[in-house]
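Trainee: Could you walk me through this structure step by step? I would like to learn how to read it.

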Amino acid sequence: MRYLRQLCIILAITCAAELLHHFIPLPVPASIYGLVLMFCLLLAGVIKPAQVKETADLLIEIMPVMFIPAAAGLAESWSVLQPILVPALIAVLAVTVLVIAATGLTAQAFTGKEEKGDE
Amino acid sequence: MSEIIRTSGFFGVVISLAAYFIGMYVKKRLGKGFLNPLLIAAVLVIAVLLIFRIDYSAYMASAGYLSWLLTPATVCLAVPLYSQLQALKKNIRAILIASAAGVLTSLLSILLLALLFGLGHADYVTLLPKSVTTAIGLGISEELGGYPSITAAVIILTGIMGNVSGELVCRLFRITHPVAKGLAMGTASHAIGTAKALEWGELEGAMSSLAIVISGLLTVVGASLFAMMI
């Protein structure tokens with residue numbers, strides 16, 4: 001029953017997030033409202049980590065599998081992608097590498113400084 | 001064939017899971033970083049659909065349940081985030097600055113690409129939100145007058161690219177700090193990259209989840225500004 005109770009809490013927060021998504025006119029998905037909401041409830045102590053932990057761990061562990069249907073759907077979008085294929089491919093391949101490098105190096109520069117500051 | 005499968009509540013789920021386990025097996029046996037289970041599974045599923053002439057919609061009739069889990073699973077990312085609260089507080093400055101740097105790099109690169117290839121406004125804003133999580137990206141693309149279906153495809157490809165190449169890119173640029181690695185994955189390749197960051201460790205995963213939220217929100221604002229340039 002523990003898993004079921006945990007699932008119920010998670011789905012209830014997901015529902016609340018859908019409501020927020022419905023009423024706030026921003027291009028922010030329900031999942032992001034839900035993540036922030038869950039985080040705030042944990043911070044406020046309304047929900048204890050133990051009340052959701054195992055089910056949350058399970059869902060997070062199997063997350064890659066949830067992307068398979070969308071990834072397989074790429075075969076369907078082939079025709080719409082074709083006209084801008086070259087810039088789109090550069091955006092996917094090169095820009096992604098650039099963004100990883102830029103974010104990682106910036107973060108590393110600042111975490112390094114902060115750690116030195118602590119010493 | 002499509003008709004029989006459409007009435008099955010389980011076929012799509014079963015071939016998706018089977019394809020993923022084959023992908024994990026192949027990765028384990030060959031141990032190459034680019035042989036990503038998600039990538040292998042997607043290719044296998046596409047192959048099965050093509051060979052047996054199954055409509056994507058018939059496959060989705062049951063495989064859609066897997067996507068259905070994505071929203072609650074994303075909500076659950078708050079749990080590792082909370083357990084890493086100390087690290088979050090300690091690195092808050094790095095987190096905000098690095099996510100902003102990543103978002104800016106992404107938007108600027110797409111602007112340059114668009115100028116280079118002479119893309120029109122619609123194609124340009126279609127590519128702008130490519131690094132953020134699918135639902136935010138779709139919203140931005142639609143709002144600014146792009147083609148949401150192309151945006152979705154580019155976002156998923158970006159996620160797979162980040163997931164597959166993240167390890168190598170981090171090694172290449174000597175990004176070794178777990179906070180930096182996590183932030184890089186989440187900012188560049190949203191939830192699909194986060195799946196990889198979670199494999200590295202809880203701290204990496206938490207930073208990556210946080211980066212999805214921050215970079216997603218920054219992109220909502222940033223993309224609207226950048227959209228005015230072309």
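Mentor: Gladly, and we begin with a term: buried area is the accessible area, found with a 1.4 Å probe, that two parts lose on being put together, summed over both. This is a predicted model, in which local features need pLDDT of at least 70 and side-chain atom pairs count only at pLDDT 80 or more, while totals for chains, interfaces and linings use all residues. Residues are numbered from 1 along each chain as its sequence is written, chains are lettered from A and ligands numbered from 1 in the order in which they are written, and side-chain values use heavy atoms, with hydrogens and water left out.

Trainee: What area do domain 1 and domain 2 of chain B bury between them?

Mentor: The domain bounds, which come from an automatic or database domain assignment, are 2-68 for domain 1 and 78-229 for domain 2 of chain B. Six residues of domain 1 of chain B are in contact (heavy atoms within 4.5 Å) with five of domain 2 of chain B. Carbon and sulfur atoms hold 64% of the buried area, and its total is about 450 Å².

Trainee: What area is buried between chain A and chain B?

Mentor: Contacts join 67 residues of chain A to 90 residues of chain B. Of the area buried between chain A and chain B, carbon and sulfur atoms give 84%, and the whole comes to about 7,200 Å².

Trainee: How many salt bridges are there over all chains?

Mentor: Side chains of opposite charge can pair when their charged atoms come close. A salt bridge is a side-chain nitrogen of Lys or Arg within 4 Å of a carboxyl oxygen of Asp or Glu. Between chain A and chain B the count is zero, whereas a search of the whole structure gives three.

Trainee: Which parts does the salt bridge of A:Arg2 with A:Glu54 tie together?

Mentor: The closest N and O atoms of A:Arg2 and A:Glu54 are 3.7 Å apart. Helices are DSSP runs of H or I with at least four residues, and strands are runs of E with at least two, numbered from the N terminus. The pair ties together parts 52 residues apart in sequence, because A:Arg2 lies in helix α1 (residues 2-23) of chain A and A:Glu54 in helix α3 of chain A.

Trainee: What volume does the second largest pocket have?

Mentor: On a 1 Å grid over the protein atoms alone, a pocket is an open set of points where a 1.4 Å probe fits, with protein on both sides within 12 Å along at least five of seven lines, and lining residues have an atom within 4 Å of a point. Grid points are joined across faces, edges and corners, and a volume is the space filled by probe spheres set on the points. For the second largest pocket, this volume is about 370 Å³.

Trainee: Which helix gives the most to the lining of the second largest pocket?

Mentor: The lining has 16 residues, and A:Ile60 is among those nearest the pocket's centre. With four residues, the helix that gives the most is α2(B).
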